[in-house]
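Here are my notes on this model, point by point. Please read them with the structure open.

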Amino acid sequence: MAGEFVTLFALLVFGHALGDYPLQNDFMARGKNWNTPVPGVPWYHLLAAHSVIHGGLAGLVTGSVVIGMLETTMHFAVDSLKNRGITSIHSDQALHIACKFIWALLIVKNLV
(Lines give C-alpha, C1' and ligand atoms only; values in the text may rest on other atoms or scores of the structure.)
Protein backbone atom coordinates (compact mmCIF):
# COMPACT_ATOMS: atom_id res chain seq x y z
CA MET A 1 0.00 0.00 0.00
CA ALA A 2 2.86 2.42 0.76
CA GLY A 3 4.31 1.90 -2.71
CA GLU A 4 0.93 2.53 -4.32
CA PHE A 5 0.50 5.72 -2.30
CA VAL A 6 3.95 7.04 -3.21
CA THR A 7 3.42 6.28 -6.91
CA LEU A 8 -0.01 7.89 -6.97
CA PHE A 9 1.16 10.94 -5.02
CA ALA A 10 4.16 11.37 -7.33
CA LEU A 11 1.96 11.13 -10.44
CA LEU A 12 -0.49 13.67 -8.99
CA VAL A 13 2.36 16.08 -8.26
CA PHE A 14 3.67 15.52 -11.80
CA GLY A 15 0.19 16.31 -13.17
CA HIS A 16 0.10 19.43 -11.02
CA ALA A 17 3.40 20.63 -12.45
CA LEU A 18 2.07 20.03 -15.97
CA GLY A 19 -1.12 21.95 -15.24
CA ASP A 20 0.56 24.92 -13.59
CA TYR A 21 3.43 25.39 -16.01
CA PRO A 22 3.39 24.01 -19.59
CA LEU A 23 -0.42 23.77 -19.79
CA GLN A 24 -0.96 27.30 -18.46
CA ASN A 25 0.00 30.10 -20.82
CA ASP A 26 0.58 33.73 -19.88
CA PHE A 27 -2.93 34.69 -21.06
CA MET A 28 -4.51 32.25 -18.61
CA ALA A 29 -2.07 32.96 -15.79
CA ARG A 30 -2.79 36.69 -15.88
CA GLY A 31 -6.46 36.55 -16.75
CA LYS A 32 -7.48 34.03 -14.05
CA ASN A 33 -6.63 36.65 -11.45
CA TRP A 34 -9.30 39.33 -11.03
CA ASN A 35 -6.51 41.79 -10.17
CA THR A 36 -4.97 41.41 -13.64
CA PRO A 37 -7.98 40.85 -15.91
CA VAL A 38 -7.85 40.30 -19.64
CA PRO A 39 -10.17 42.78 -21.37
CA GLY A 40 -13.31 41.06 -22.62
CA VAL A 41 -12.67 37.75 -20.86
CA PRO A 42 -14.19 37.20 -17.40
CA TRP A 43 -11.55 36.13 -14.88
CA TYR A 44 -13.77 33.32 -13.65
CA HIS A 45 -13.84 31.71 -17.12
CA LEU A 46 -10.06 31.47 -17.10
CA LEU A 47 -9.81 30.36 -13.48
CA ALA A 48 -12.50 27.73 -14.10
CA ALA A 49 -10.69 26.48 -17.23
CA HIS A 50 -7.40 26.29 -15.34
CA SER A 51 -9.10 24.42 -12.49
CA VAL A 52 -10.81 21.99 -14.88
CA ILE A 53 -7.43 21.20 -16.47
CA HIS A 54 -6.12 20.31 -13.01
CA GLY A 55 -9.23 18.30 -12.21
CA GLY A 56 -8.94 16.42 -15.49
CA LEU A 57 -5.31 15.57 -14.82
CA ALA A 58 -6.08 14.37 -11.28
CA GLY A 59 -9.04 12.35 -12.56
CA LEU A 60 -6.90 10.73 -15.27
CA VAL A 61 -4.13 9.85 -12.82
CA THR A 62 -6.49 8.38 -10.23
CA GLY A 63 -9.17 7.01 -12.54
CA SER A 64 -11.73 8.78 -10.36
CA VAL A 65 -14.27 11.35 -11.54
CA VAL A 66 -14.90 12.22 -7.88
CA ILE A 67 -11.23 13.10 -7.37
CA GLY A 68 -11.33 15.11 -10.58
CA MET A 69 -14.30 17.09 -9.30
CA LEU A 70 -12.72 17.59 -5.86
CA GLU A 71 -9.49 18.79 -7.47
CA THR A 72 -11.35 21.19 -9.76
CA THR A 73 -13.21 22.69 -6.80
CA MET A 74 -10.20 22.91 -4.52
CA HIS A 75 -7.93 24.31 -7.21
CA PHE A 76 -10.43 27.11 -7.87
CA ALA A 77 -10.71 27.81 -4.12
CA VAL A 78 -6.96 27.79 -3.46
CA ASP A 79 -6.18 30.03 -6.43
CA SER A 80 -8.93 32.39 -5.28
CA LEU A 81 -7.11 32.76 -1.95
CA LYS A 82 -4.00 33.82 -3.86
CA ASN A 83 -6.07 36.30 -5.91
CA ARG A 84 -7.30 37.83 -2.65
CA GLY A 85 -3.73 38.17 -1.35
CA ILE A 86 -4.42 35.72 1.49
CA THR A 87 -1.73 33.30 0.31
CA SER A 88 1.60 33.70 -1.43
CA ILE A 89 2.84 31.64 -4.36
CA HIS A 90 4.63 29.38 -1.84
CA SER A 91 1.65 28.70 0.42
CA ASP A 92 -0.56 28.38 -2.67
CA GLN A 93 1.65 25.61 -4.03
CA ALA A 94 1.85 23.93 -0.60
CA LEU A 95 -1.96 23.84 -0.40
CA HIS A 96 -2.18 22.36 -3.90
CA ILE A 97 0.34 19.64 -3.00
CA ALA A 98 -1.51 18.95 0.28
CA CYS A 99 -4.64 18.28 -1.80
CA LYS A 100 -2.67 15.76 -3.89
CA PHE A 101 -1.62 14.02 -0.67
CA ILE A 102 -5.26 13.78 0.42
CA TRP A 103 -6.43 12.52 -3.01
CA ALA A 104 -3.77 9.77 -2.99
CA LEU A 105 -4.74 8.79 0.55
CA LEU A 106 -8.45 8.66 -0.33
CA ILE A 107 -7.74 6.40 -3.31
CA VAL A 108 -5.36 4.06 -1.47
CA LYS A 109 -7.78 3.73 1.45
CA ASN A 110 -10.63 3.04 -1.01
CA LEU A 111 -12.66 5.96 0.33
CA VAL A 112 -13.66 7.23 -3.13
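1. Arg84 sits in the loop that joins helix H4 (65-83) to H5. This is a predicted model, and every point below should be read that way. Is Arg84 buried or exposed? Its relative accessible area is 56%, so Arg84 is exposed; the cut-off for that class is over 50%. Now look across to Trp34. Arg84 and Trp34 are 50 residues apart along the chain, yet 8.7 Å separates their C-alpha atoms.

2. Next, the pairing of H1 and H5. Helix H1 covers residues 2-20 and helix H5 covers residues 89-108. Two numbers describe a packed pair of helices: the angle between the axes and the distance between them. Here the axes come within 9 Å. They cross at roughly 140°. The crossing of H1 past H5 is right-handed.

3. Which residues make the contact of H1 with H5? From H1 come Glu4, Phe5, Leu8, Phe9, Leu12, Val13, His16 and Asp20. From H5 come Gln93, His96, Ile97, Lys100, Phe101, Trp103, Ala104, Leu105, Ile107 and Val108. By class, the contact residues are 12 nonpolar, 3 polar and 3 charged.

4. How many cavities of 30 Å³ or more does a search of the whole structure find? The search finds 1. The largest cavity holds about 30 Å³ of space. Its lining is made of Leu12, Gly15, His16, His54, Leu57, Ala58 and Lys100. The lining has 3 nonpolar, 3 polar and 1 charged residues. Leu12, His16 and Lys100 are on this lining, and these three residues also take part in the contact of H1 with H5.

5. Phe14 deserves a look. Phe14 belongs to helix H1. With a relative accessible area of 52%, Phe14 is exposed, as the class begins over 50%.

6. The loop between H2 and H3 holds Val41. Is Val41 exposed or only partly exposed? Val41 has a relative accessible area of 25%, which means partly exposed. Leaving out residues up to four places away in sequence, Val41 touches Phe27 and Leu46. Gly59 is another matter. Val41 and Gly59 are 18 residues apart in sequence and 27 Å apart in space, C-alpha to C-alpha.

7. Pro42 is in the loop between helix H2 (26-31) and H3. Pro42 also counts as partly exposed, because its relative accessibility is 25%. How many Å separate the C-alpha atoms of Pro42 and Lys109? The separation is 39 Å, for residues 67 apart along the chain.

8. Last, a backbone check. Phi of Asn110 is near 55°. That is a positive value in a residue other than glycine. Where is Asn110 placed? Asn110 is in the segment after H5. Its relative accessibility is 66%, so Asn110 counts as exposed.

How values were computed:
Residues numbered from 1 in each chain as written. Predicted model: local features only at pLDDT ≥ 70, side-chain atom pairs only at ≥ 80, totals over all residues. Heavy atoms only, no water. Axes fitted to C-alpha atoms, helices over the stretch in contact; angles between N-to-C directions. Helix = DSSP H or I, 4+ residues; strand = E, 2+ residues; numbered from the N terminus. Left-handed = near helix turned anticlockwise from the far one by under 90°. Contact = heavy atoms within 4.5 Å. Nonpolar A, V, L, I, M, F, W, Y, C, P; charged D, E, K, R; others polar. 1 Å grid on protein atoms, 1.4 Å probe; cavity = no way out; pocket = protein on both sides within 12 Å on 5 of 7 lines; lining within 4 Å. Points joined across faces, edges and corners; volume = space filled by probe spheres on them. Buried < 20%, exposed > 50% of the residue type's maximum accessible area, 1.4 Å probe, protein only.
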